[in-house]
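Have a look at the structure first, then read on.

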Amino acid sequence: MSLPNQLQDTFSPKELQFMVENEPIKIFPRFTTRQRIRKQRNDLLGTDSHRWKMMTMDDTSLNNMMAMQSTTVTLWIALLLKQQSKCNIIAPEWLTSKALDRALQFEQTNTLRFSPLPWDWLIISEILFKKAPDDFHDRVHELRSKIQDLREIRQLKVAKGIRYMNESHLQLDNLSLLEINELRPFISGIMDKLRDIHLAAVDAGGEDEMMGEEDDNDEMFNGTMRNESSRMS
Amino acid sequence: MGYYDIDDVLTDNAEIPCKFLHDIPGLGYLENNPGGSIHVNSQLKLPLWLARVLAIVEVAPEVDPITGIASEENTPFITLMTPEAFSIKVINAIKTDPVALDIHSINPQFYALAIKWIGLFGDRDLAEIVSELLLKRAQVINSHANSITISYKNDSINHNSKSMNNQTVFTLTLDEFEKKIFKQANESYKDIKKWMFQS
């Protein structure tokens, strides 16, 4: 492929944003698309005035919206509607001042663990801060600084965690998509080299016992990586 | 690793001290003795690609002209001796402070050479030392790769140039592989910073 290296073996932040925009989010629409209401009103008025209808793959959620009743739609649609001021986005419950404070507390008390934030917390919060800053109940700059604090404290932990890497395994639970992605070129490069060193010693030693063990470890490594990628897609 | 992998070629070019186990006529020019022959036990530095073959290929046993008895079992042309990159001096330096070590001055392809060397002898101890070295240095590389972006962000020229200076001094001590990883990690961190601060 003629893609530059960094696009071949990892995702760019924009690609990640694209993926995350397929996630569901709750909105308050400001208009109604529900068909039943149209019929009733048509009966009352006695006309067949056409209400417009959303073109969509699945008829259910998008064409069943009621003004000011929360509905779940995919994020990119929510952003489109928001852009035309046709809806308000409801911030997810973890993206409030209180919840972030709790997460920060967790990060500070548990120095060896990551708080269980959603896998796309960094991306969702970035998008919402940019596109829908007026839909938060808390002040955006406060939320933003809390997110930044969380990110920094977690980055420190990751830097500490790298010490425990070996040729086959590195486990960092609750790390999110973007955080994994920014580490990927570094971690996979170092791990590949460690495995090369390990294999060189094992192959030359020619001990079958060690080889078997190595295979197991490899599977474990693949397993964790697979988990990550499955969470990604 | 492809045939045209320049790092692989350079690694194979590393000089390994070798000891000759046979008299070899006509090869004297290798030790500034043109026309002469190389004698048993003379030591020479040969590139790894040549030394590896000569150390494996075996010579038919010499037949003593008087007694007519074959002298010993098969021996290769040369034996390999530990190159400077893995001498006790360097190993001790690695053990004392893996991070401060200037690996690039020891060998620009240190890890690649180490892997080849370990592969030749199945040297578990060396493998362990080198992995430990890589792990310790990886942490420093990671933090450097991450911190450079912060100075980009701040945009203050003074601070920037100072830290850039530190960066260049640091990258000079890296082995080629480490440099590649450093660049990749740095790119990755920078991409994400850019994405987060785009307006």
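## Where the chains meet

Keep in mind that this is a predicted model. In it, 27 residues of chain A are in contact with 31 residues of chain B. On the chain A side, the elements giving two or more residues are α2 and α8 (177-205) of chain A. Which of them gives the largest share of the side of chain A that touches chain B? That would be α8(A), with 16 residues.

## A helix crossing in chain A

Packed helix pairs are described by the angle between their axes and the distance between the axes. In chain A, take helix α2 (residues 13-20) and helix α6 (residues 121-131): their axes come within 10 Å and cross at roughly 85 degrees. An angle of 65 to 115 degrees counts as roughly perpendicular, so that is the label for α2(A) and α6(A).

Who makes the contact? From α2(A) there are A:L16, A:Q17 and A:V20, and facing them from α6(A) are A:I123, A:I124 and A:I127. Sorted by type, the residues of this contact come out as five nonpolar and one polar, with no charged ones.

## Two domains in chain B

Chain B splits into domain 1 (1-81) and domain 2 (84-199). Seven residues of domain 1 of chain B are in contact with seven residues of domain 2 of chain B.

On the domain 1 side of that contact, α1 (6-12) and α2 (48-56) of chain B each supply at least two residues. The most comes from α1(B), which gives four residues. The domain 1 side that touches domain 2 in chain B divides into three nonpolar, one polar and three charged residues.

Strands of a sheet pair through backbone hydrogen bonds, in either a parallel or an antiparallel way. Chain B has an open sheet of three strands in the order β2-β1-β5, and the pairing is antiparallel. Which strands stand at the edges? They are β2 (43-47) and β5 (78-80) of chain B; each has a single partner strand, so one side of each is left without a neighbour in the sheet. On average, and ignoring direction, neighbouring strands of this sheet are turned by 40 degrees against each other.

Strand β1 (residues 15-20) of chain B pairs with β2(B) over five bridges, in the antiparallel sense. Within this part of the sheet, B:E15 stands opposite B:P47 in β2(B).

Note on methods:
Residues numbered from 1 in each chain as written. Chains lettered and ligands numbered in written order. Predicted model: local features only at pLDDT ≥ 70, side-chain atom pairs only at ≥ 80, totals over all residues. Axes fitted to C-alpha atoms, helices over the stretch in contact; angles between N-to-C directions. Parallel < 35°, antiparallel > 145°, perpendicular 65-115°, else oblique. Contact = placed C-beta atoms within 7 Å. Nonpolar A, V, L, I, M, F, W, Y, C, P; charged D, E, K, R; others polar. Domains from an automatic or database assignment. Pairing = 2+ DSSP bridges.
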